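Reader: I am new to this structure. Could you show me how to read it, feature by feature?

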Amino acid sequence: MKRALLGLLLLLTVPAWAASASERTLRIADTRIAPPLDPDDAAWARAPAAALRLYPQTTVPGGPGGEAVMLEARVLRGGGLLAVRLAWADADADSSDKHATHRFADAAAVQFAPAGKTLPYVGMGEPGRPVQVWFWRAGQPAERLSAQGFGSLTRQPGARLAAQARRTATGWTLVLRGKPEMRAPAAVAFAAWDGAEDGRAGRKRLSAWQALSGPDGVLPAALREEARLGGDPARGERLYAAHGCAACHAPEAGLGPDLAHAGGIHWPGHLRRAVREPAAFRVPGYAAIMPVPSLRPEQLDDLVAYLIGLR
Ligand code: HEC
């Protein structure tokens with residue numbers, strides 16, 4: 001009985017994440033007036049809640065490691081403003097005010113991807129494909145930033161970004177509200193830094209891109225190829241072994257990024273490109289040693305079907 005109850009609780013708190021495109025879609029709800037800044041405002045119940053996992057960013061040396069953290073996200077739009085409400089677990093409040101107990105403060109970010117047929121690299125964009133970032137740090141005013149890859153964060157001028165955060169028994173609830181810099185962002189991704197883990201810069205937890213959809217909840221047509229998933233994961237796993245991918249990607253090898261959460265953080269399109277043409281985008285901090293494996297298109301799909309299952 002106890003077991004069954006525990007199982008049920010786990011199901012409720014950590015929903016299994018099938019690789020279907022609809023699970024990477026976040027529905028925006030429209031309001032007639034500006035969305036509320038108060039995270040406890042009743043209007044938030046109108047926005048569908050997406051339960052997402054934030055994965056430790058294992059591609060960064062000294063990253064947080066450990067487990068994924070659940071984050072609930074809701075998006076409201078109205079009066080020319082977009083508002084995002086985030087709720088996530090974080091055991092103790094680390095603020096950058098005078099009561100600070102840790103050197104680093106808890107922080108969170110919402111990343112916006114421009115419209116297009118592909119999504120930029122989820123770890124802060126890539127050269128020539130900037131992402132816009134709304135950044136909040138406990139005890140500080142929220143900031144607008146722009147990034148074109150790791151370490152390229154720059155402040156964005158523009159209208160003030162409003163923020164209201166509240167401590168709950170288990171973590172933070174935060175609303176960020178502003179005018180989006182992009183006319184119609186295609187997707188959003190979320191990140192959280194835990195001050196208690198010395199969280200800063202790349203040492204964060206990160207979600208996959210979530211395509212923003214209208215009230216129908218349907219994946220925008222432009223991103224269908226990016227979300228396309230075919231192939232057979234079991235055949236993909238055999239190809240992974242046959243092509244010696246683990247020689248670099250096993251965590252102890254340390255020559256390529258740890259792919260333990262690759263499927264949780266990336267879309268199929270990114271994984272296809274990463275394997276087919278590694279030179280097109282290099283994960284920062286690694287040497288350009290990734291070989292181009294010789295694969296037929298259906299074998300590439302098998303490999304990606306395997307990689308997307310790594311979470
Ligand atoms: C000789 C070492 C080496 C081998 C073998 C290798 N890789 Fe890589 N791989 C890397 C390196 C280094 C990077 C990061 C730099 C880059 O993006 O090119 C990388 C990047 C990647 C990425 C992107 C990860 C991310 O977070 O964006 C994927 C996916 C990937 N490799 C899959 C594979 C697969 C599948 C195979 C086998 C067919 C393979 N690799 C074989 C070294 C290797």
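Author: Start with one residue. A189 is found in strand β11, which covers residues 187-193. Keep in mind that this is a predicted model.

Reader: Is A189 buried or exposed?

Author: Look at relative accessible area. Under 20% counts as buried. A189 has 1% relative accessibility, so A189 counts as buried.

Reader: What about G158 and G178?

Author: They too are 20 residues apart along the chain. Their C-alpha atoms are separated by 9.9 Å. G158 lies in a loop, between β8 (154-155) and β9 (162-167).

Reader: Is G158 buried or exposed?

Author: Over 50% relative accessible area counts as exposed. G158 has 62%, so G158 is exposed.

Reader: Where is W172?

Author: W172 is in strand β10, residues 171-178. Its relative accessible area is 9%, so W172 is buried. Now take the pair W172 and A107. They are 65 residues apart along the chain, and 9.8 Å separates their C-alpha atoms.

Reader: Which phi does M124 have?

Author: M124 has a positive phi of about 75°, although M124 is not a glycine. This residue is found in the loop between β5 (107-113) and β6 (131-137). With 8% relative accessibility, M124 counts as buried.

Reader: Which residues come nearest to the ligand?

Author: There are 26 residues around the ligand. C245, C248, H249, H270 and M290 come nearest.

Reader: Which residues coordinate the iron atom of the ligand?

Author: For a metal site, name the donor atoms and their distances. H249 coordinates the iron atom through NE2, and M290 through SD. The distances are 2.0 to 2.1 Å. H249 and M290 link distant parts of the chain, 41 residues apart. H249 is in helix α4 (residues 246-249). M290 is in the loop between α6 (268-276) and α7 (297-308).

Reader: Why is the arrangement around the iron atom octahedral?

Author: Look at the angles between donors. Six donors count as octahedral if opposite donors are over 155 degrees apart and all others lie between 65 and 115. Here the six donor atoms subtend angles of 87 to 178°, which makes the arrangement octahedral.

Reader: Which side chains have polar atoms by the ligand, starting with H249?

Author: Read the atom pair and then the distance. A polar side-chain atom of H249 lies 2.7 Å from a nitrogen atom of the ligand. For R282, a polar side-chain atom is 2.8 Å from an oxygen atom of the ligand. For Y121, an N or O atom of the side chain is 3.4 Å from a ligand oxygen atom.

Notes: Residues numbered from 1 in each chain as written. Predicted model: local features only at pLDDT ≥ 70, side-chain atom pairs only at ≥ 80, totals over all residues. Heavy atoms only, no water. Donors = N, O, S within 2.8 Å, 3.2 Å for Na, K, Ca; no water. Tetrahedral: all angles 85-135°; square planar, octahedral: opposite > 155°, others 65-115°. Helix = DSSP H or I, 4+ residues; strand = E, 2+ residues; numbered from the N terminus. Near = heavy atom within 4 Å. Polar contact = N/O pair within 3.5 Å; in protein donor to acceptor, adjacent residues only side chain to side chain. Buried < 20%, exposed > 50% of the residue type's maximum accessible area, 1.4 Å probe, protein only.
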